Amino acid sequence: MLDLKVRPLYVDARLKEYTTGLTHDLTDRLFAVRRVFRVNDALPEENVLRWQWQRGGWLMVDRVSGKISQLSLPEFDPFYSTASWYRDYVAYCGVSEDGKKLYAMVMQVGRRKPILKKAAGEPAGDDAPDSECPAPTWERAPARVTFQPDDTQKLLFSIRGRVVDIVNEPDEEGEE
């Protein structure tokens, strides 16, 4: 179980969606926010509805037109993945459909394919939310993202437009 702070998303004084977490401003007009929804958790033999909140994917909202659209994030798992935003880029650890592979992913809003999809090992298989890897960290100049899926592995990538380079930093411990 995870405690969620659920907020309604209104457009023109009408309830459109429910959200959780902080919003991320993509531009002065667009922002992204995490969607939540209610699921009936009652068993077939129970006569009482048991509503439960669950996290969903990400929504993009246009402040001017009020249009809400679902952001397509390949391999994003609403339970295990934690997104980290920088400009119009989102970095997260994705989990394959069969749950056997973990990927370092970077998507750019408006693009269909990820600009980075790199194998990062196997999922830990924990039953805790956001347990596959901590949120990636971003650096501004140059634009770089660091993934650390476990204590022994650190993946660093440089983002240049629509191109991603692997950054190989020498080990500080082994140098003299």
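Me: Which residue takes a positive phi in the hairpin of S7 and S8?
Reply: Glycine 99, with phi near 75°. That hairpin has 6 residues between the strands. Keep in mind that this is a predicted model.

Me: How many bridges join S7 to S8, and which way do they run?
Reply: There are 7 bridges, and the two strands run antiparallel. S8 covers residues 102-108.

Me: What is the bridge partner of cysteine 93 in S8?
Reply: Alanine 104.

Me: And S6, how many bridges join it to S7?
Reply: 3 bridges, again with an antiparallel run. S6 spans residues 84-86. Within that pairing, tryptophan 85 stands opposite valine 90 of S7.

Me: What sits in the turn of the S6 and S7 hairpin?
Reply: The hairpin has 2 residues between its strands. Arginine 87 is in the turn, and its phi is positive, about 55°.

Me: S7 keeps coming up. Why is it described as largely enclosed?
Reply: Because 7 of the 7 residues in S7, residues 89-95, are buried, the strand is largely enclosed by the rest of the structure.

Me: Which residues are on each side of S7?
Reply: Tyr89, Ala91, Cys93 and Val95 are on one side. Val90, Tyr92 and Gly94 are on the other. Both faces are covered.

Me: Switching to disulfides. How many are there?
Reply: The count is 1. The bond joins cysteine 93 to cysteine 133, with S to S at 1.7 Å.

Me: What parts does the pair tie together?
Reply: Cysteine 93 lies in S7, and cysteine 133 lies in the loop between S9 (116-119) and S10 (137-139), so the pair links parts 40 residues apart in sequence.

Me: Right-handed or left-handed?
Reply: Right-handed, because the torsion about the S-S bond of cysteine 93 and cysteine 133 is about 105°.

Me: Are those two cysteines buried or exposed?
Reply: Cysteine 93 and cysteine 133 are both buried.

Me: Now the surface. Which residues make the nonpolar patch?
Reply: Tyr10, Leu15, Tyr18 and Trp53. The patch is about 390 Å².

Me: Where is leucine 15 found?
Reply: In strand S2, which covers residues 14-25.

Me: Why does leucine 15 count as partly exposed?
Reply: Because its relative accessibility is 39%. Partly exposed is the class between the buried cut-off, under 20%, and the exposed one, over 50%.

Definitions and conventions: Residues numbered from 1 in each chain as written. Predicted model: local features only at pLDDT ≥ 70, side-chain atom pairs only at ≥ 80, totals over all residues. Heavy atoms only, no water. Patch = residues over 30% accessible without salt bridge, like charges linked within 9 Å, V, L, I, M, F, W, Y side chains within 5 Å. Areas by Shrake-Rupley, 256 points an atom, 1.4 Å probe, with all protein chains shown as cover. Salt bridge = Lys/Arg side-chain N within 4 Å of Asp/Glu carboxyl O. Helix = DSSP H or I, 4+ residues; strand = E, 2+ residues; numbered from the N terminus. Buried < 20%, exposed > 50% of the residue type's maximum accessible area, 1.4 Å probe, protein only. Pairing = 2+ DSSP bridges. Disulfide = S-S within 2.5 Å.
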